[in-house]
Amino acid sequence: MTNSQKLTPQATTNAFMRQFWQHGYGQTTVDELLTVGQVSRSQFYRQYRSKSVALRRSLQAYQTILDEQLTQLVQRDRAMGTPLTAILADCLLMPFQSDQWPAGCLMVNLMAELGDQDTLIANQTQEIYANLQTRLVGLLAPAASDLSVSVATAAASLMQVRTGLQILAKQHLGAAQLKQQAMASVALIVRGN
C-alpha cells in the first residue's frame, strides 16, 4: 500500500470508532484495528500505545462529531419552525438517523459492555452522557413553566428514553417506528399527565 492510500489520523480514529461501535470493545482485536485503521503494528503502538487508548481517542472523536451533528440538527429544526417535542425527539434519535454511522450509540454500547471496568472509559462515557443531558436541559429551559416536572427531571427522563431507543436501533427497527416511539415518549415527558 502506498502512502497516498493511508488514512489520515482522524480517518484512522474514525475507523477505530466504527469498529468499536459495531463489534464492541471486548470483541475488537488490535489486529482488526490495524486493518480498519490502515496502520502498521509499530505505528499503532507508537501513536495509541494500547487498545484502551485507541478507544478513548475514539470516544473523543465520537463526542466531537455528536456535538457538531446535534448543533446542526437543532439549528436546522429551529430554522424550519419545528416544535420543541419534535426537536427533542430528533435529538434522542441521534446519531443513528444517519447512514454514516452504525446503528445504536457507541456511548450506550460501552456503558452496557464495560460498566466501570475501566475508570477512564467510564468517566469519558459519563461525561458524554452528562453533556447530552445538559444539551437537553438547554432545549427544555425556555419551556420550564409548561413542564409538569423540573427541567432536570425531564432531561434525565429523556436521556433514559434515548438509551432505550439506541438499544432498539440496534435491532434494526424502521426509522418511522423509532421516530414514533421517540415522539410518544417525548410527549409524555414534556406534556406530563
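Me: Which residues are buried in helix 8?

Reply: This is a predicted model, in which local features need pLDDT of at least 70, side-chain atom pairs count only at pLDDT 80 or more, and totals for chains, interfaces and linings use all residues. Residues are numbered from 1 along each chain as its sequence is written, and side-chain values use heavy atoms, with hydrogens and water left out. Buried means under 20% relative accessible area, exposed over 50%, and partly exposed in between, for a 1.4 Å probe and protein chains only. In helix 8 the buried residues are Val151, Ala154, Ala155, Leu158, Met159, Val161, Arg162, Leu165, Gln166 and Ala169.

Me: What covers the buried residues of helix 8?

Reply: Cover is read from contacts, where contact means heavy atoms within 4.5 Å. For helix 8, the cover includes helix 4, helix 5, helix 6 (106–114), helix 7 and helix 9.

Me: How many helices and strands does the protein chain have?

Reply: Helices (H or I, at least four residues) and strands (E, at least two) are DSSP runs, numbered from the N terminus. The protein chain has nine helices and zero strands, and its pattern along the sequence is α-α-α-α-α-α-α-α-α.

Me: How is the length of a helix to be read, and what span should the 29 residues of helix 4 have?

Reply: The expected span is 1.5 Å times one less than the number of residues in the helix. For helix 4 that rule gives 42 Å, and the end C-alpha atoms are 42 Å apart, which agrees. Helix 8, with 19 residues, reaches 26 Å from its first C-alpha to its last, close to the 27 Å expected. Helix 9 (residues 175–191) has 17 residues and reaches 23 Å, close to the expected 24 Å.

Me: Which residues of helix 9 are buried, and what covers them?

Reply: Leu178, Ala182, Val186, Ala187, Ile189 and Val190 are the buried residues of helix 9. Their cover includes helix 5 (84–93), helix 7 (119–140) and helix 8 (151–169). Ala175 is also placed in helix 9, but Ala175 counts as exposed at 63% relative accessibility. From Ala175 to Ala141 there are 34 residues in sequence and 28 Å in space, C-alpha to C-alpha.

Me: Where does Met94 lie, and is Met94 buried or exposed?

Reply: Met94 lies in the loop between helix 5 and helix 6. With a relative accessible area of 7%, Met94 is buried. Leaving aside residues up to four places away in sequence, Met94 touches Leu66, Gln69, Leu70, Leu73, Arg162 and Gln166. Arg162 and Gln166 are among the buried residues of helix 8. Met94 and Gly174 are 80 residues apart in sequence, and their C-alpha atoms are 14 Å apart.

Me: Is Pro9 buried or exposed?

Reply: Pro9 is exposed, with a relative accessible area of 64%, and lies in helix 1 (residues 9–23). The C-alpha atoms of Pro9 and Val39 are separated by 9.7 Å, while the two residues are 30 residues apart along the chain.

Me: What radius of gyration would a compact globule of 193 residues have?

Reply: The radius is taken over C-alpha atoms, and the globule rule is 2.2 Å times the number of residues to the power 0.38. The rule gives a value near 16 Å, and the protein chain has 18 Å, which agrees. Along its principal axes, the C-alpha trace spans about 60 × 35 × 30 Å.

Me: How much of the protein chain is buried?

Reply: Of its 193 residues, 45% count as buried. Among contacts with a separation of 6 or more, 68% are between residues 24 or more positions apart.
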